[in-house]
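Subject: Structure for you to look at

Hello,

Here is the structure I promised to pass on. Please open it first, then read my notes below.

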Amino acid sequence: MPNSLWDVSRKYVLRTYGCQMNEHDSERIAGLLEMDGLEQTESFEEADVIVLNTCCIRENADNKLYGQLGNLKKLKEQRPDLQIAVGGCLAQKDRDIIQDKAPHVDVVFGTHNVGRATDLLAEARVRGPLIEIIEESESFPSALPVKRDVSHAAWVTIQIGCDNSCAFCIVPAVRGREISRPYKQLVDEVEALAAAGITEVTLLGQNVNSYGRDLTLKLRGAELGQDAEYLAGETWVGGSHTARPLFSDLLRSVAEIPGIRRVRYTSPHPKDLRPETITAMSEITEVCEHLHLPLQSGSDEVLAAMHRGYTVDRYLKKVHAARNQIDDLALSTDIIVGFPGERDVDFEQTLEVAAEVRFDNAYTFVYSPRPGTEAAELVDKFVSPAVTSTRMERLRKVIERSRRLGNHSRIGRHEEVVVEGHSKRDPDMLTGRTRHNRLIHFPVKRPIRPGSYALVQVTAARTFNLAGELLEVTAAPKHRTRIPVVAS
Ligand code: 5AD
Ligand code: SF4
């Protein structure tokens, strides 16, 4: 067997199906593969290793995966040395189904052992196909090597798992209990990222506002000594403080780190969004004025059946509080259409709430039954595909209208933009992101390095992006040799 470390001609394809958590895991998988000497390619024909990183939140991910595995069967027959791995939360859930349906898969691994991806591939080369799924783990994807698509921005996982029980959602079953990463470990990680030239971080978790809840129990339950500060940060240890570190504290600590210019986060749960978080967003310049607050439905009946823990009224109160306090706030959301039992009146209420809030962006999903979840049992209440598709069309129009209005309201403004690179269609055009995370295109006469900050005047708006004129480059990226590889 060739020593993979020195066998530099080997190539891998990595496909990600799913959410941001998965994208984040994929960065780690790519980092591990590259540490092992493999080079990335987009061509299946060229690849020695193909990794499909899956998500099980919605059904079409399953369909895409099994379709893809079907296509790869022939390739594997032609080239038995090709290795195929399936990872992520669908792999975690459907481990045996994958082996039954696709025996040509070499490795199946779950969400808790992303860090073992390359070891498992090496083991499978010797021992043949294998499955390794770990149910619970305290290792976080951020503690693994990384390969990022964008060099100036990084995701940082602050918690894994989820303690809620939304009736439609498979996440608690596959990602397990909520575990927060120690406070100091997070601050240290962002410091290391900043030192390496990262200027924008996105804090990731299923329910970021409950960050630290489990740390309090740990703090109370044990004599931790010096570990206490590592777990919870300085503020909450000793003195009169007995409470836990809050998400807002973390926002402040991360934003204070020299070199960090933008802090984003996703997702907060509306029931847990605290006033402290809104205040922190309004006070800290580095925290971008963008709130992604998943609504899911505009009907109190449906929200109750989903076990979301809030009413429309309480949702709207949080939106108003955020808009009142945070200057120039952009709002985005997630909405599910066709939850079991959703009647026309419920859906009409969703349309009304969406129109009232005027979301700048929304991710809309057709309800997809996930076996093992409470809602998947409500078969007699399933909404027909014909009804859901008409509802979806109507909702998309409402969202499109408010997105267009939101984009139009930017015309004439001077926006701070981080340059991401050249436009795919026109090399004289640059693309970047505003603080609201809106995509903007603008022409340039000389090259500007990705990761630069620029001031751009918005001149036109379309449904999905903005156009502008460059006013000035305000900061160039710090020279970096390598993104740090933090050993676990
Ligand atoms: N069906 C449809 N959408 C879902 N989501 C989660 N589970 C399901 C499901 N079973 C959506 C929710 C969540 C987003 C990440 O995915 O809107 O906020
Ligand atoms: Fe799923 Fe609800 Fe947890 Fe979000 S809060 S991950 S929707 S169970």
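**Two packed helices**

Start with helix α13 (residues 312-325) and helix α14 (residues 344-357), which pack at an angle of about 10° with axes 12 Å apart. An angle under 35 degrees counts as roughly parallel, so α13 is roughly parallel to α14. Keep in mind that this is a predicted model.

Which residues of α13 and α14 make the contact? On the α13 side they are Val312, Leu316, Val319, His320 and Arg323. On the α14 side they are Val353, Glu356 and Val357. Sorted by class, the contact has 5 nonpolar, 1 polar and 2 charged residues.

Why quote both an angle and a distance? Two packed helices are described by the angle between their axes and the distance between those axes.

**The whole chain**

Now step back. The chain has 15 helices and 19 strands. It has 488 residues, and 55% of them count as buried. Next, take the contacts with a separation of 6 or more: 72% of them join residues 24 or more positions apart.

**The cores**

The largest nonpolar core has 67 residues. Val201, Leu203, Leu251, Val263, Tyr265 and Leu291 have the most contacts inside it. Helix α7 (residues 183-195) gives this core its largest share, 6 residues. At least three residues come from each of domain 2 (150-288) and domain 3 (290-409).

Find Leu251 on your screen. What does Leu251 touch, beyond residues up to four places away in sequence? The list is Leu203, Val263, Tyr265, Thr277, Ala280, Ile284 and Val287.

There is also a second, separate core of 24 residues. Leu65, Leu72, Leu82 and Val105 are among them.

**Backbone points to check**

Most residues other than glycine have a negative phi, and most peptide bonds are trans.

- The peptide bond from Thr266 to Ser267 is cis, with omega near -10°. Ser267 sits in the loop between β11 (262-266) and α11 (275-283).
- His307 is not a glycine, but its phi is positive, near 60°. Look for His307 in the loop between α12 (300-306) and α13. His307 is partly exposed, at 36% relative accessible area.
- Asn437 is another non-glycine residue with a positive phi, near 75°. Asn437 is in the loop between β16 (429-434) and β17 (439-443). With 32% relative accessibility, Asn437 counts as partly exposed.

Is Gln296 buried or exposed? The cut-off for buried is under 20% relative accessible area. Gln296 has 7%, so Gln296 is buried.

*Leu215.* You will find Leu215 in helix α8 (residues 213-221). Leu215 is buried, with a relative accessible area of 0%. Setting aside residues up to four places away in sequence, Leu215 touches Ser180, Arg181, Leu231 and Pro245. Leu215 and Ala228 are 13 residues apart in sequence, and their C-alpha atoms are 9.3 Å apart.

*Leu439.* Strand β17 holds Leu439. Leu439 counts as partly exposed, at 23% relative accessibility. Apart from neighbours within four places in sequence, Leu439 is in contact with Gly432, Arg433, Phe464, Asn465 and Leu466.

*Ile131.* Look in strand β6 (residues 130-132) for Ile131. At 33% relative accessibility, Ile131 is partly exposed. Leaving out neighbours within four places in sequence, Ile131 is in contact with Arg95, Asp96, Gln99 and Val108. How far is the C-alpha atom of Ile131 from that of Val105? They are separated by 9.7 Å, with the residues 26 apart along the chain. You met Val105 above, in the second core.

Best wishes

Conventions
Residues are numbered from 1 along each chain as its sequence is written. Chains are lettered from A and ligands numbered from 1 in the order in which they are written. This is a predicted model: local features need pLDDT of at least 70, side-chain atom pairs count only at pLDDT 80 or more; totals for chains, interfaces and linings use all residues. Side-chain values use heavy atoms; hydrogens and water are left out. A nonpolar core is a set of buried Ala, Val, Leu, Ile, Met, Phe, Trp, Tyr and Cys residues joined through side-chain atoms within 4.5 Å. Buried means under 20% relative accessible area, exposed over 50%, partly exposed in between (1.4 Å probe, protein chains only). Helices (H or I, at least four residues) and strands (E, at least two) are DSSP runs, numbered from the N terminus. Domain bounds come from an automatic or database domain assignment. Contact means heavy atoms within 4.5 Å. Axes are lines fitted to C-alpha atoms, for helices over the stretch in contact, and angles run from 0 to 180 degrees between N-to-C directions. Angles under 35 degrees count as roughly parallel, over 145 as roughly antiparallel, 65 to 115 as roughly perpendicular and the rest as oblique. Ala, Val, Leu, Ile, Met, Phe, Trp, Tyr, Cys and Pro count as nonpolar, Asp, Glu, Lys and Arg as charged, and the others, Gly among them, as polar.
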